[in-house]
Amino acid sequence: MDESDITSHDRIKVFDTTLRDGEQSPGAALTVSEKIEIAHVLQEMGVDIIEAGFPISSPGDFRAVEEISREIRGCVVCALTRANPKDIDVAAEAVREAAHPRIHTGLGVSDNHVRYKLRMTREEALERGMEAVKHAKRFVEDVQYYAEDAGRADPAYLYRVLEAVIAAGATVVNIPDTTGYTTPDEFGALIRSIVEHVPNINRATVSVHCHNDLGMATANTLAGVLNGARQVECTVNGIGERAGNCSLEEVVMALKTRRDLFGAETGINTRRIYPVSRLVSQLTGIMVQRNKAIVGANAFAHSSGIHQDGVLKERTTYEIIDPHDVGAPDSEIILSARSGRAGLRHRLDELGYGLGEEQFEKVYQRFLAVADMKKTVDTRDLEAIVDDEARMFFEETYHLEHVQVTCGNSSVPTATVRIRGPNGQVRCDADHGSGPVDAVYRAINRVVGEPNELIEFSVQAVTEGIDAVGRVTIRIQADEPVNGTKRQVFSGHGADNDIVVASAKAYMFALNRLIATRREAGGEEKYGVWSMERV
């Protein structure tokens, strides 16, 4: 077979073993009803073959394979066996009602397995394999033979075994890298050598089953496809024995994304990948790591400012897969200390905040301050920041530059504030109070000197966790009439990781609104110069 034959446009069958090999992950036991539920979504997704279980291993496995065989009509239902008549008889009974039944049997082919696991000679193992295929053919036309540990086998012996089992009636020959030992170059060369050296290989489909012990399961599987394999064996989320199996979502999307290289396609509806991944994770209890390719929480998330800017200008600058193609939510801009103005502006626009440049810059500087204290800044953080900064449309007469508080169960709460006044001068003062917030407000009053009465104070956590942003809302009432109104109330909002700082900001917000209203009423001269008597 020349290179043009191997890479020509072709159909790759997807053999899903989530319900058999995937369930062998420690702690991943599934009930019969859960297996049936997964089988249905695999069928809907377009999987060609479902390996439903190992019927002789337990009554539960038998029932699961039997029920799946009854209910699944759109794809092949396969049952695993060892190469002995009893296993095969039980499997045949389990898949008896399947619309498209398959029996999957086999033996080890490496000297390690033949000598130490099977305790046979090569010839005895070869003969046992042939007899198993012949026995399975009594029940089903579709028989798959696994040559276990093929990745470490003597190639010449492997060729003989494959030729013999195909002659006995095997329709699919499975070439497993059982221990995840081979590299892509080695495994690809092995598949090519099988295609070239097994005389009757054209009578069977070559399948590959790769484990992930060295992190190369997907790469090895794809190397197999490049060299003649036309069935790939995989599991949802890559679950399985030890480090797991080739991941269905990875191999399917690699074939789709790099069709120019592989010249092949599957029948998978890729928009079902993400929801199926979530379901399998939920039912098995095996969480998907955040940075897992294709289905991880971070697969389409961008935190770096450089990446965010590129993705917002053109998605393909940093994304080779559209998240919608795998059924995932939209690409996510993660706001963190590494995010830039483009990412923040995009998120604010999504939230409906149309900020001018000056307002946006204030919000951006506050965002950076919060981001330095939190790993990520979420929507509620942003809303609090915008409410605190961007809503100050009036001219700020007094600006709080610094606040410091000392307090404790055996000390007098004391606060020191530094405030920049209307003429640019900076003044500091301190006071004590019944608590840290009371002390801060008293210190601010000593500097600003604007008579008022605090009539409402409330605080709430905007987000969860020990590093949550706190939001403070207050209402103050002017002691003197404003615009002829005897009772006028001014509200203030403040947000910060430090609730005392948030309280100080809220008070300054309300004071500045009060002062802005007095300015409009003709009190400009009162606030033009900061008199020394206020200090």
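Two strands pair if DSSP finds at least two bridges between them. Keep that in mind, as we start with a pair.

S458 stands opposite T473, which sits in strand β17. Helices (H or I, at least four residues) and strands (E, at least two) are DSSP runs, numbered from the N terminus. Strand β17 covers residues 470-478, and nine bridges link β16 to β17 in the antiparallel sense.

First, the ground rules. This is a predicted model, with residues numbered from 1 along each chain as its sequence is written. Local features need pLDDT of at least 70, side-chain atom pairs count only at pLDDT 80 or more, totals for chains, interfaces and linings use all residues, and side-chain values use heavy atoms, with hydrogens and water left out.

How far can we trust it? pLDDT is the predictor's confidence in each residue, from 0 to 100. The protein has a mean pLDDT of 87, and 86% of its residues reach 70 or more. Residues 1-9 are another matter: pLDDT stays under 50 there. For that stretch the model has 19 contacts (heavy atoms within 4.5 Å) beyond four places in sequence. Where pLDDT is low, the predicted coordinates should not be read in detail.

Now the overview. The protein has 19 helices and 18 strands. Of its 535 residues, 53% count as buried. Buried means under 20% relative accessible area, exposed over 50%, and partly exposed in between, with a 1.4 Å probe and protein chains only. Among contacts with a separation of 6 or more, 67% are between residues 24 or more positions apart.

Back to the sheet we opened with. Three strands form an open sheet, in the order β16-β17-β18, with antiparallel pairing. β16 (452-461) and β18 (489-496) are the edge strands, and each pairs on one side only. From one strand to the next, the twist averages 15°. Angles run from 0 to 180 degrees between N-to-C directions, and axes are lines fitted to C-alpha atoms, for helices over the stretch in contact.

Next sheet. β13-β14-β15 is the order of another open, antiparallel sheet of three strands. Why is one side of β13 (399-408) and of β15 (426-432) left without a neighbour in the sheet? Because both stand at the edges, each with a single partner strand. Here the twist averages 10° from one strand to the next. β13 and β14 (residues 411-420) run antiparallel, joined by eight bridges. L400 has I419 in β14 as its bridge partner.

On to parallel pairing, around β9 (residues 231-234). Q231 and E233 point one way, V232 and C234 the other way, and all are buried. Strand β2 (residues 13-16) pairs with β9 in the parallel sense over four bridges. There, D16 stands opposite C234. Strand β8 (residues 205-210) also runs parallel to β9, with three bridges. V208 has V232 as its bridge partner.

Helix α15 (residues 357-373) has 17 residues. Buried residues in α15 include F360, V363, Y364 and F367.

Last, S277, in helix α12 (residues 273-284). Is S277 buried or exposed? Buried, with a relative accessible area of 0%. Leaving out residues up to four places away in sequence, S277 touches V236, N237, V288 and V295.

Key. Expected span 1.5 Å × (residues − 1).
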